[in-house]
Amino acid sequence: MVTVRDSESEVKSCQIGDQTGTIQLSLWDGQIDRVQLGKTYMFTNLSTRSFNGKTTLTTTRNTTIIHSSTTITLPNTSNTNDFDTQTNTLTQTVEGSTITIKKLCPKCHSTQQSINIKDNFHRCTTCKILRKQSSYITKCNGALIFKIGEDELSLAIPNSVLTKFIHKEKDMTFLDAQDIEEYLLTCGPVSVNYTNDNHIVEIKKAICETELTSEEAPELEQELCSITDAVSLPSTSIKTNPGEKRPAAPETIDPKQTQPLKD
Ligand SMILES: [Zn+2]
């Protein structure tokens, strides 16, 4: 909250971006609720501000904000790079979670109203094209609850952060909201980075995984097995002269019997 000309105004900063880069945008009052993290908008009549050599954007009285269904690929920048805001860190197991999941058609981008996430195929409810479930764009966000002493802290988690976290461990295609919620509750302690207004900017597992060794072991054993097989092959090709009796066992071969060819 800030006071401008004797009236209280609410201002909130966010990062916006297009193909060319990202910049900080200050949203004022009623405009704050007009935008959501991870969505695309067309802004008009923004104004620039310059402070300490850094240029930022701000909304004005005449700013219009129109939601757009196009997806913009942002340049490869880290989420936290340009953040002025101080972030807090917390390492704990998740106490509770509430996640909503949306599936968007990759062609017409419409949100699928009736979709069975466990099905292999789905027909878009708008453009009527049948596609593999994995072709649909998954958007999921919500909140994570952490216990801080007697209190509970609710942190909002946007789609970009949650997707990145789940993707490392699981294929999102057939997960429904409760699958994700259950995973968050059972994945062990997590380390979260969150802003002062309780938005998670990064989440990762607090404990390093050591499962690699047990996964590598069987493969190594199999490789040893195949080498042993190859070594034992030549012993089956002991030559015996035709008409002669095959020796009972290789170690009883009489040297005289194997040498006549040389004379
Ligand atoms: Zn469609």
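Me: In β14, which residue is the bridge partner of G142?

Reply: The partner of G142 is I157, which lies in β14. This is a predicted model, in which local features need pLDDT of at least 70 and side-chain atom pairs count only at pLDDT 80 or more, while totals for chains, interfaces and linings use all residues. Residues are numbered from 1 along each chain as its sequence is written.

Me: What makes β13 and β14 (residues 151-157) a pair of strands?

Reply: A strand is a DSSP run of E with at least two residues, numbered from the N terminus, and two strands pair if DSSP finds at least two bridges between them.

Me: Why are β9 and β16 said to stand at the edges?

Reply: The open sheet has three strands in the order β9-β15-β16, with antiparallel pairing. Both β9 (87-92) and β16 (200-205) have a single partner strand, so one side of each is left without a neighbour in the sheet. On average, neighbouring strands here are turned by 15° against each other, direction ignored, where axes are lines fitted to C-alpha atoms and angles run from 0 to 180 degrees between N-to-C directions.

Me: What joins β15 to β16?

Reply: Five bridges join β15 (residues 190-195) to β16 in the antiparallel sense, and V190 has K205 as its bridge partner.

Definitions and conventions. Helix = DSSP H or I, 4+ residues; strand = E, 2+ residues; numbered from the N terminus.
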